Amino acid sequence: MSDWNVSEEAAALHADALVWDMTFPFRDFGTVELKWSALERMQASGFNMVSLTLAIDYNGLADTIQTIARELAWFRRHSDKYVVVESVDDILRAKKAGKLAVGFHFQGTNPVAQDINMVELYYRLGIRHMLMCYNLKNAVGDGCQEVTDAGLSRYGRSLVTEMRRVGMFVDVAHTGHRTAMDVFELAEGPVIISHANARAVRDPGDSRNVPDEQIKACAASGGVIGVIGFGPNVSEKGKLSTKALLRHIDYMAELVGPQHVGIALDYVYDNEYNRPNPWNPIYNTRPIEQIEPEVMPQLTQDMMDAGYSETDIRGILGENWLRLAKQLWR
Amino acid sequence: MSDWNVSEEAVALHADSLVWDMTFPYIDYGNAALKWSALERMQANGFNMVSLTVGGDKTPMIEAIQSVARERAWFRANDDKYVVVDSADDILRAKRESKLAVGFHFQGTNPVSQDLNMVDTYYRLGIRHMLMCYNLKNAVGDGCQEVTDGGLSRYGRNLIVEMRRAGMFVDVAHTGHRTAMDVFEAAEGTVIISHANSRVVKDHSRNVPDEQIKACAASGGVIGVVGFGPVVCDKGELSTKALFRHIDHMAELVGPQHVGLALDYVYDNEYNNPGPFNPEYHPRPIEQIEPEDLPRLTQDMMEAGYSETDIRGILGENWLRLAQQLWK
């Protein structure tokens, strides 16, 4: 911890706090070996819980199940270092034992294959949130980079109901505005935005960062928004820093209260990996400029320097996600 | 319980015992609506736990997963009557709450799709045993009605190691003789024969020779006797006493602690699925032990002088012992 390069107070608070990252893309891309070392870097930088993307809207049911099976087997073989969580207690126990807790999510809902019964099965296998849509249109609604924005479908409404019943977080990150607003209205309970920044602070020229209307609706539902460290969504090129990220936290905390803000770095473990985004070339610069796990303690320091209370800092670092898990997971 | 039509002592023992059926074919065939009423009939006749077939060698992985999802949803929607079990404790709790406990199994290993990581995933979803092969050949070995009998494959050897690690029963019912014998030898632990009768008592390709019964018992396993007429006795002679002869032979050979029940009850006995491998196999309507006959079997065992401990073991506690030992 001495190499965190922050004040003693910040190091102590960062180490003691439960630090939770709500989005880590754990799929195979680029130099896949880096994904496991990236997890170790997360832990060395104070993270205690990381929610891993195991599938996205491009995946079907069969390959998704086999991906889950494969990752469960990998984490089981490394159970000296990792715990796949089923409950909030598992997370707290992992922190005490010096292990990294991991949970799973999907960026999209296509792995459900429109079989509503699959939601409970996925929950049983560890899936704790699903984005309604991932950038483009699917059977639920429109993604945030779609040319249409028509709202939540009939199937999507049933899906939200079933996700809430089994205890899975309903998540509107990457989802089109109208579809997301329909979800907030219909969900009758907390809806999260697992990973997105404030559009008022940084507009990357598309709908990936969320407008105040969504931030307010998310908070009103009892949900939490996770700020992301992916450069183009944080600040202009060349100006990335934890302070730039703090501006998003600060803006949201001001708008709806710090109890509705969390962390979701969305860390791309191979920052040379090239998968061009045809809808917004701003994301295509390589190497990717992004908040590295190692600078996380600095964010804690920044929040302290900005006068955030210890309670608020602990909330933002992880306890806000923890509160939701206690409330909703079965 | 008064309509069980057996002695007061038999009623009392049958009702108090944990009664466990290790094989109930729960896939959709014939008049599928009958499958739910058949479960109610099982419970009305004293069963507390039933292991349901939710997939088999003809079921690809994706269908097996969706079948489990569908059945779990159905049992959840009816959780006033049913409990899908994860542990042996769930079974005991279900009995106390007068609910029927259900578990899942596959008749075959093809749903694994040769992806060993799927074993643990299926276990998490409730699959508690898998037959190595179902009648015919697959990647693991030969089925009991195959023309070849080449023994356990390389993949099959890895599969049983993984099943044992995950806590899933390794099951050689419906499996070819040499493949089964290889499993007994390679497993280094308990192997079950979920549902088969004694070939000495009734000669049939589905029934198992004494060599397998002895090997199963030596491994610590249990064999479940089947109520499907053609494997119990000659046509027209079916009764609980005929079924009891299989129990008696096995108990004599290896001890009653290695014998259990697995009626393999076909809920629609008019359902026509001609077995191409043995045309005598499936006369219609199927002659079989009905769930309603079960209290009579308890009475038969009492009259034959079986001790209460042995009867309780055969009715269900032998399976329970294995679950307590092996399930994770």
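This is a predicted model: local features need pLDDT of at least 70, side-chain atom pairs count only at pLDDT 80 or more; totals for chains, interfaces and linings use all residues.
1. Chain A. The chain has 12 helices and 9 strands. Its radius of gyration is 18 Å, which agrees with the value near 20 Å that a compact globule of 330 residues would have. Taken along the principal axes, the C-alpha atoms fill a box of roughly 55 × 45 × 40 Å.

2. Chain B. Here too the count is 12 helices and 9 strands. The radius of gyration of chain B is 18 Å, close to the 20 Å from the globule rule for 328 residues, so the chain is as compact as a globular protein of that length. Its C-alpha trace spans about 55 × 45 × 40 Å along the principal axes.

3. Burial and contacts within each chain. In chain A, 61% of the 330 residues count as buried; in chain B, 61% of the 328 residues do. Of the contacts in chain A with a separation of 6 or more, 74% are between residues 24 or more positions apart. For chain B, 74% of the contacts between residues at least 6 apart in sequence join residues at least 24 apart.

4. Surface and charge. Chain A has an accessible surface of about 12200 Å², with 49% belonging to carbon and sulfur atoms. For chain B the surface comes to about 12400 Å², and carbon and sulfur atoms hold 48% of that. Chain A carries 33 positive and 43 negative side chains, and the centres of these two sets lie 4 Å apart. Chain B has 31 positive and 46 negative charges, with mean positions 5 Å apart.

5. The contact between the chains. Chain B contributes 20 residues and chain A contributes 19 residues. The area buried between them is about 1800 Å², and carbon and sulfur atoms give 57% of it. On the chain B side, Arg76(B), Asn117(B) and Arg124(B) lose the most area to chain A, together 29% of what that side buries.

6. Thr121(B). Which residues of chain A does Thr121(B) touch? Leaving out residues up to four places away in sequence, they are Ala69(A), Leu72(A) and Leu125(A). Thr121(B) lies in helix H5 of chain B, residues 117-124. Its relative accessibility is 0%, so Thr121(B) counts as buried.

7. Helix H7 of chain A. This helix covers residues 177-186, and its buried residues are Thr179(A), Ala180(A), Met181(A), Asp182(A), Val183(A) and Phe184(A). What do these buried residues pack against? Their partners in chain A are helix H6 (154-166), strand S6 (169-171), strand S7 (191-192) and helix H8 (212-220). After H7(A) comes Glu188(A), which has a positive phi, near 50°.

8. Ile193(B). This residue is found in the loop between strand S7 (191-192) and helix H8 (210-218) of chain B. Is Ile193(B) buried or exposed? With 0% relative accessibility, Ile193(B) counts as buried. Not counting residues up to four places away in sequence, Ile193(B) touches Asp171(B), Val172(B), Ala173(B), Phe184(B), Val208(B), Gln212(B), Cys216(B), Val222(B), Ile223(B), Gly224(B) and Trp319(B). Ile193(B) and Asp86(B) are 107 residues apart in sequence, and their C-alpha atoms are 21 Å apart in space.

Definitions and conventions:
Residues are numbered from 1 along each chain as its sequence is written. Chains are lettered from A and ligands numbered from 1 in the order in which they are written. Side-chain values use heavy atoms; hydrogens and water are left out. Helices (H or I, at least four residues) and strands (E, at least two) are DSSP runs, numbered from the N terminus. The radius of gyration is taken over C-alpha atoms; the globule rule is 2.2 Å times the number of residues to the power 0.38. Buried means under 20% relative accessible area, exposed over 50%, partly exposed in between (1.4 Å probe, protein chains only). Contact means heavy atoms within 4.5 Å. Accessible areas come from the Shrake-Rupley method with a 1.4 Å probe; for residues, only the protein chains shown count as cover. Lys and Arg count as positive and Asp and Glu as negative; His and the chain ends are not counted. The place of a charge is taken as NZ of Lys, CZ of Arg, CG of Asp or CD of Glu. Buried area is the accessible area (1.4 Å probe) that two parts lose on being put together, summed over both.
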